[in-house]
Amino acid sequence: MADWRNVGNWHWKERNCLEWAKKYLEDKLTGIEVTKDGLHGEVTSVDSITGDVDLNIRKGRLIAIYDVEIKLSWKATKGDDELEGKITIPEVAHDTDDYVYDITASSSAVAKLPLKDFIRKQLTPEITAKLEGFTEDLKQANGSDMYIPDKSGASTPVAPAKATTGENASGETKQGNAVTAAADDAVSVAVTKDAKFSTVSISQNAEFMCSAEDLFATLTDPQRVSIWTRGPAEIQPKENTSFKLFNGHIEGQFTKLVPAKGIEMTWRVATWPQGHFSKVKISIEQQSTSTRLTLKQSGVPFNDEDATKANWDRYYWNSIKGSFG
């Protein structure tokens, strides 16, 4: 008899998450407010959310697919003047963050126009900001139990581990309280004291208009790091020393440092399962007019793959380029 299980979560599996999305968006958007120059605006209610919100697993990948229309009510005040109206966002979709806001008001009197304009210029950016985390929150809240375990109880297949320094006899690598199963596959399984979850490997490339020596220092020297992180940096360019960045949101330990050549480290985000660290290897290569950086990272929690890629770009590479040119 064929095994009924979805081995490796390879086949298509789908979940309708519209009702969850309605509650989530109502909680996130209701009560958004902004005050500036004597004007005040707020979202007073979420009137309707229509469309489709689905999570899918295909070939071991968790995919969010959604397209909804959101209708809101708003109110703006300045002194004794008050104006109410509606906002329609015709398309909030998985493949766009360029939202259109259709704003109507209960009065078209000339005296009321500054209130409507305040909503357009000041309140809608706050709504956009609240929508930014929707995809990742959707995956986190609804994706963890979509993986059908195989006969061993693992949610994804784990290939035989390769022997490396620090591995025990079963091929598991320990880091703090975490035990991460090594695998040849891009998708693996991690086990911590309190959780068991899927992980993936990612890679990125970036080009910097500086020397390899300067780029290495920018990633390891506390004074330089504090500039592009825009805050205190607990970091020292020494092997086997721990670091904390972004007020402790990122932490890890340097395991190997080769000036102007590369960095190896353990690395985690504070919101990851307690005790779980990924492994990061950064290679630095001097080009004729620039320096090329290559990042390879293993042990990224499955549901954090997209966010991790985006945050390397936003908070590391783009911030470094913005700070040092």
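User: Which helices and strands each supply at least two residues of the lining of the largest pocket?
Analyst: This is a predicted model, so local features need pLDDT of at least 70 and side-chain atom pairs 80 or more, while totals for chains, interfaces and linings use all residues. Residues are numbered from 1 along each chain as its sequence is written, and side-chain values use heavy atoms, without hydrogens and water. A pocket is an open set of 1 Å grid points where a 1.4 Å probe fits, with protein on both sides within 12 Å along at least five of seven lines; lining residues have an atom within 4 Å of a point. Helices (H or I, at least four residues) and strands (E, at least two) are DSSP runs, and the ones you want are α1 (18-29), α2 (113-131), α3 (134-142), β13 (262-269) and α6 (305-324).

User: Which one gives the most to that lining?
Analyst: The lining has 36 residues, and Ala307 and Asn311 are among those nearest the pocket's centre. With 9 residues, the top giver to the lining is α6.

User: Is Thr229 buried or exposed?
Analyst: Thr229 sits in the loop between α5 (222-228) and β11 (242-245). Buried means under 20% relative accessible area and exposed over 50%, with a 1.4 Å probe and protein chains only. Thr229 has 10% relative accessibility, so it counts as buried.
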